[in-house]
Amino acid sequence: MLTQMDRLTIYSVLCFITFCSLMLRAPDNTSFMALAGLIAAALGLWLELTNSPELEEEES
C-alpha cells in the first residue's frame, strides 16, 4: 500500500513530466492527451493535498 507521501511524489512527477512534454513540443504539434494528463495529475495532487490528515500540523 502506498503512503500519502508516495502518492504526492508520484503526482508531482507526473505533473512535471506532462508539463515538460507540453513545453518541449512545437505549438502546432500539441497533444490534447498531454494536456489531459497534466489536468488529471494536477487534480490528483490537489485532492491529495486537501484531504491530508497526515500532513496537518499539530496545534500546540
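Helix H2 takes in residues 32-50, and its 19 residues should span 27 Å at 1.5 Å a residue; the end C-alpha atoms are 27 Å apart, so expectation and model agree. The model discussed here is a predicted one.

The buried residues of H2 are Ala34, Leu38, Ala41, Gly44, Leu45 and Glu48. Around the helix axis they cover an arc of only 135°, which means that they sit on the same side of H2. On the face turned away from this buried side, H2 carries the exposed residues Phe32, Ile39 and Trp46. Leucine 47, also a residue of helix H2, is partly exposed, with a relative accessible area of 40%.

H1 has 20 residues and reaches 29 Å from its first C-alpha to its last, close to the 28 Å expected at 1.5 Å a residue. Its buried residues are Gln4, Leu8, Cys15, Thr18 and Leu22. Seen down the axis of H1, these buried residues fall within an arc of 105°, and therefore they line one face of the helix.

With a relative accessible area of 43%, isoleucine 10 is partly exposed. Together with Leu2 and Leu14, Ile10 forms a nonpolar patch on the surface, and the accessible area of the three residues together is about 260 Å². A residue needs over 30% relative accessible area to belong to a patch, and isoleucine 10, at 43%, therefore passes that cut-off.

Contacts between parts of the chain come next. The count of salt bridges comes to one. In this salt bridge the side chains of glutamate 48 and arginine 7 meet, with 3.2 Å from N to O. The pair links distant parts of the chain, since glutamate 48 is in helix H2 and arginine 7 is in helix H1, 41 residues apart. Glutamate 48 is buried, with a relative accessible area of 15%. Arginine 7, in contrast, is partly exposed, with a relative accessible area of 27%.

Two further pairs can be described by their C-alpha distances. Leucine 47 and leucine 8 are 39 residues apart along the chain, and their C-alpha atoms are separated by 9.8 Å. Leucine 47 belongs to helix H2, while Leu8 is one of the buried residues of H1. Serine 52 and methionine 5 are 47 residues apart in sequence, with 9.8 Å between their C-alpha atoms. Serine 52 is found in the segment after H2. At 8% relative accessibility, serine 52 counts as buried because the limit for that class is under 20%.

The record can be set beside the model. An unreviewed UniProt entry places the feature "transmembrane region" at residues 7-24 and 30-47. Over residues 7-24 the chain is 94% helix and 0% strand, and the end C-alpha atoms are 26 Å apart. Over residues 30-47 the figures are 89% helix and 0% strand, with 27 Å between the end C-alpha atoms.

Technical notes: Residues numbered from 1 in each chain as written. Predicted model: local features only at pLDDT ≥ 70, side-chain atom pairs only at ≥ 80, totals over all residues. Heavy atoms only, no water. UniProt positions renumbered as here; feature names shortened; annotations may be inferred. Helix = DSSP H or I, 4+ residues; strand = E, 2+ residues; numbered from the N terminus. Patch = residues over 30% accessible without salt bridge, like charges linked within 9 Å, V, L, I, M, F, W, Y side chains within 5 Å. Areas by Shrake-Rupley, 256 points an atom, 1.4 Å probe, with all protein chains shown as cover. Salt bridge = Lys/Arg side-chain N within 4 Å of Asp/Glu carboxyl O. Buried < 20%, exposed > 50% of the residue type's maximum accessible area, 1.4 Å probe, protein only. Expected span 1.5 Å × (residues − 1). Arc of directions from axis to C-beta.
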